[in-house]
Amino acid sequence: MTRRLILGVESSCDETAAAVVGDDLVVRSNVVASQDALHAPYGGVVPEIASRSHLGRVIPIIEGALDRAEIGAADLAGVAVTRGPGLVGALLVGLQAAKAVAFAHHLPLVGVNHLEAHLMAVLLVDGEVDRPRSRPAFPFVGLLVSGGHTAIYLVRDWGDLKLIGETRDDAAGEAIDKFARMAGLGYPGGPIVDTLSAAGNRAAWAFPRALPRAPTEFSFSGLKTAVRTHIEHHGIPEGDAALADLCASVQEALVDVLVDKALHACASLTVPRLVICGGVAANSRLRALASERGEAVGVEVHQPPRPLCTDNAAMIAGVGAMALAQGQAPSPGAGLDLNAAATLPIG
Ligand code: KG4
Ligand code: ZN
């Protein structure tokens, strides 16, 4: 059966990405160009640098995604692009490129919410990165943990998502990245802290778990302050073992709260399925602890393969493909008035 193929384009932050996904949710190609090296000297994403870098890369990345899928633009049934939330200058680059492809080939253009795409990425099928795994049935609870967001959603169906609670201050990824910067570990901190923690003692130091009486809300600013005070007091550990202990202890404080509150949401909503997603869902300890505690309380825990946790365009194309299949998308040639949105709540 010939599938309707959708091109996805993502440029909300510091990854330029394009992908081709069918309406069967099979990923035909998934190309991501990271800008980590460009932002590393500044210890965080510099919006102007991100926009300029997207400009130079977006067309070759789109061509690369079409080539890897072994199709031409004429074979597409539609184009999906991240509309928000994200850096407006960065979003506009992907949006304009997607509009150009849609206009030139008379295709419908679908604007996709980046957060919704993270939550639905678990439903994609990617033979290149995926071991066979089961996919969650609806409804499921989604724990979305990324550099900009930390929230729990109830996902009832495609396009039917409800926010249950979110962070009052920093996002989980932001908190890890800030800790890594304080400890001089490099950028982005998440994967570095993950690797260093593997050899560490998670109970070496006790860091605070915030808001125990607000089960659906998170706060990581207290953890950040506690870590800063710890470093001011004890200095940055010099030996590898001591550094590993500090990383593992900080990571544990964060991951413990995330898993605890996500499973609490499953219990209070009586939904025994949890999906963890977003860049921080690539974290080894979060993945292990969620599976372990989920199993103990009878909750199925689903996690996308790591390349579908961090920013990518396959998740954008997947949501676009379902929107088109369900007839929510505009007709050919429409959607060209789509604008970027720095903040864009789901629903
Ligand atoms: O979803 P994402 O790629 O971009 C946003 O939408 O924000 O998430 C990026 C965040 C960064 O804070 C990064 O440090 C974190 O995800 N991250 C990780 C890991 N890989 C990426 N955090 C912990 N462990 C990891 N392995
Ligand atoms: Zn993201």
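**From the zinc site to the core**

The donors of the zinc ion (ligand 2) are spaced H-x3-H-x192-D along the chain; donors here are N, O and S atoms within 2.8 Å of the metal (3.2 Å for Na, K and Ca), and because water is not among the atoms, sites may look incomplete. This is a predicted model, in which local features need pLDDT of at least 70, side-chain atom pairs count only at pLDDT 80 or more, and totals for chains, interfaces and linings use all residues. Residues are numbered from 1 along each chain as its sequence is written, chains are lettered from A and ligands numbered from 1 in the order in which they are written, and side-chain values use heavy atoms, without hydrogens and water.

Which residues hold the zinc ion (ligand 2)? His 114 (NE2), His 118 (NE2) and Asp 311 (OD) coordinate the ion at 2.0 to 2.1 Å. His 114 and His 118 sit four residues apart in helix 4 (residues 114-120), about one turn of the helix; helices are DSSP runs of H or I with at least four residues, numbered from the N terminus. Both His 114 and His 118 are buried (under 20% relative accessible area, 1.4 Å probe, protein chains only).

The largest nonpolar core has 44 residues, and Leu 143, Phe 179, Leu 258 and Leu 274 have the most contacts inside it. Such a core is a set of buried Ala, Val, Leu, Ile, Met, Phe, Trp, Tyr and Cys residues joined through side-chain atoms within 4.5 Å. Helix 8 provides the largest share of this core, 14 residues.

Methods: Helix = DSSP H or I, 4+ residues; strand = E, 2+ residues; numbered from the N terminus. Buried < 20%, exposed > 50% of the residue type's maximum accessible area, 1.4 Å probe, protein only.
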